[in-house]
Amino acid sequence: MNPQQQVQQTRMISADDKGLPGDAAGRSVEEYVAAGPDLADFWTPLLVLDEEALAHNVAFMAGWLSERDLELMPHGKTTMAPQLWQQQLDAGATGITVANPSQLRVGRARSFSSLLLANQLTDPNAIRWVAGELQDPECSIWSWLDNPAAIAVAEEALGGVTLARPLSVLVELGAPGGRTGCRSVDEAVALAEAVHASPVLRLAGVAGYEGALGHDRDKATLDFLHRYVSDLLELHRRIGHLYDDADVLVTCGGSNYPDVVSELFEQARKSDTARYVLRSGAYITHDHGIYHALSPFDPDRASTGDETLEPAARAVCRVLSQPEPGLALLDGGKRDFPYDEGFPIPLTAVSRTTGQASDLRGATVSGMNDQHSFLRTADGAEPAVGDLVVLGLSHPCTMFDKWRLIPAVESFTPGASAKVTRLIETFF
């Protein structure tokens with residue numbers, strides 16, 4: 001039994017777990033799922049995952065990168081769900097990426113041994129903790145670095161500490177006006193030389209993130225991202241003489257532009273012994289919003305039908321109030337569903353009285369409060385009080401963080417009976 005199965009087995013359901021039926025409290029997750037609960041027994045609002053879509057997306061991305069001889073360390077902060085991390089590793093991922101030391105600790109507490117921290121370590125307490133974890137010879141932790149001051153922080157934090165091995169860091173290349181990262185290749189080269197000279201750090205490669213530098217798929221944007229990734233590869237070449245004989249990582253690539261990154265990585269790795277790693281995370285659920293608009297694998301722009309991702313998450317709400325024509329108030333709001341990259345997208349309504357499903361395309365969610373969403377329809381087309389409403393969602397990273405246990409069903413069909421296959425636990 002792997003550590004994730006053990007967590008799933010011993011987790012007790014309580015009244016604090018929103019959306020679960022009242023009779024679930026006091027039972028273990030394993031016991032409750034084994035009893036075969038139906039999704040219709042769960043309370044709204046609810047976030048639901050589709051197992052078929054999840055499995056398809058995980059298998060597709062694993063196969064697509066394997067064909068190009070590239071690695072995947074998916075960003076775990078997308079879901080913060082160790083069960084899903086393990087599913088990605090079982091499909092061939094070689095590690096899990098996280099965003100901060102607390103997320104790193106979640107991974108280590110559940111015995112994940114290959115972890116990439118896609119940020120700079122500046123907290124002395126976290127630095128010492130990482131050094132302690134490296135006493136485990138099976139543990140590999142990489143972090144990023146973009147400033148000489150962070151070298152000084154690490155050296156001060158580890159002063160007097162006997163290290164099992166130096167901390168492995170990747171020099172991060174950014175772009176002017178962007179987020180983190182050195183602003184030029186020359187600056188990054190100088191930083192790599194300083195890392196090489198540090199007694200507590202090991203230069204382990206280069207890192208970048210192109211996703212924050214583009215917000216569309218216009219030619220000018222794609223050309224800019226192409227140049228950025230090319231600069232990252234130039235940095236890697238220029239500091240090659242500073243590497244030791246251990247693993248070297250070259251990493252870039254989120255869920256919006258993996259095609260741009262993989263094109264250049266695939267060529268570069270043919271004459272290189274480094275490990276070329278993408279970190280796409282949101283692909284596991286895809287979405288109906290921001291990734292639908294930008295991913296090269298969305299059905300709207302995929303080159304073939306075999307190169308598509310499927311939305312794997314839905315919101316299920318009920319109509320609380322229908323106070324005027326063309327308006328229905330839903331029982332899910334900002335505390336339940338993401339809104340930072342676009343409001344939810346109406347998909348289907350299911351009649352409380354007849355069970356009949358009707359298409360909500362053309363309707364919109366015009367606003368959200370903490371616990372309400374404003375569903376706008378044509379006059380006379382609004383669903384009635386008590387009807388179910390299914391919504392598509394945008395931005396998985398702020399989808400999972402609102403839930404502690406998320407039901408998954410084999411294949412989600414609005415209004416149809418669906419046995420819950422597992423409850424996916426998150427650790428935000």
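Helices H5 and H6 are roughly parallel to each other, a class that covers angles under 35 degrees, with over 145 counted as roughly antiparallel, 65 to 115 as roughly perpendicular and the rest as oblique. The structure is a predicted model, in which local features need pLDDT of at least 70 and side-chain atom pairs count only at pLDDT 80 or more, whereas totals for chains, interfaces and linings use all residues. Residues are numbered from 1 along each chain as its sequence is written, and side-chain values use heavy atoms, with hydrogens and water left out.

## Helix packing

Helices (H or I, at least four residues) and strands (E, at least two) are DSSP runs, numbered from the N terminus. Two packed helices are described by the angle between their axes and the distance between the axes. Axes are lines fitted to C-alpha atoms, for helices over the stretch in contact, and angles run from 0 to 180 degrees between N-to-C directions.

Helix H5 comprises residues 101–109 and helix H6 residues 124–133; the two pack at an angle of about 25°, and their axes are 11 Å apart. The crossing of H5 over H6 is left-handed; this term applies if the near helix is turned anticlockwise from the far one by less than a right angle, and right-handed if clockwise. On the H5 side, the contact (heavy atoms within 4.5 Å) is made by Pro101, Leu104, Arg105 and Arg108, and on the H6 side by Ala126, Trp129, Val130 and Glu133. By class, the contact of H5 with H6 holds five nonpolar, no polar and three charged residues. Here Ala, Val, Leu, Ile, Met, Phe, Trp, Tyr, Cys and Pro count as nonpolar, Asp, Glu, Lys and Arg as charged, and the others, Gly among them, as polar.

Helix H8 (residues 185–197) packs with H9 at an angle of about 35°, the axes being 10 Å apart. H8 passes H9 in a right-handed crossing. The meeting residues are Val185, Asp186, Ala188 and Val189 in H8 and Asp231, Glu234, Leu235 and Arg238 in H9. The contact of H8 with H9 divides into four nonpolar, no polar and four charged residues.

## Burial of helix H4 and of selected residues

Buried means under 20% relative accessible area, exposed over 50%, and partly exposed in between (1.4 Å probe, protein chains only). Helix H4 (residues 82–90) has seven of its nine residues buried, so it is largely enclosed by the rest of the structure. These buried residues are Pro82, Gln83, Leu84, Trp85, Gln86, Gln87 and Gln88. H4 is followed by Gly92, which has a positive phi near 125°.

The table gives values for individual residues.

| Residue | Relative accessible area | Class |
|---|---|---|
| Glu71 | 17% | buried |
| Cys139 | 0% | buried |
| Gly181 | 8% | buried |
| Asp247 | 43% | partly exposed |
| Cys317 | 0% | buried |
| His395 | 13% | buried |
| Ser111 | 48% | partly exposed |

A search of the whole structure finds zero disulfides, a disulfide being a pair of cysteine sulfur atoms within 2.5 Å.

## Contacts of single residues

Glu71 lies in strand E2 (residues 71–72). Residues up to four places away in sequence aside, Glu71 touches Leu65, Thr94, Arg275, Tyr276, Val277 and Leu278.

Asp247 occupies the loop between helix H9 (219–238) and strand E8 (249–251). When neighbours within four places in sequence are left aside, Asp247 is in contact with Arg202, Ala204 and Arg275.

Gly181 is placed in the loop between strand E6 (167–172) and H8. Leaving aside neighbours within four places in sequence, Gly181 is in contact with Asp146, Glu172, Leu173 and Gly174. Gly181 and Val171, 10 residues apart along the chain, have their C-alpha atoms separated by 8.0 Å.

## Backbone features in loops

The peptide bond from Thr44 to Pro45 is cis, with omega near 0°. Pro45 belongs to the loop between helix H2 (29–34) and strand E1 (46–50).

Ser111 has a positive phi near 70° and sits in the loop between H5 and strand E4 (114–120). For His395, phi is positive and near 80°; His395 is found in the loop between strand E16 (388–392) and strand E17 (405–409).
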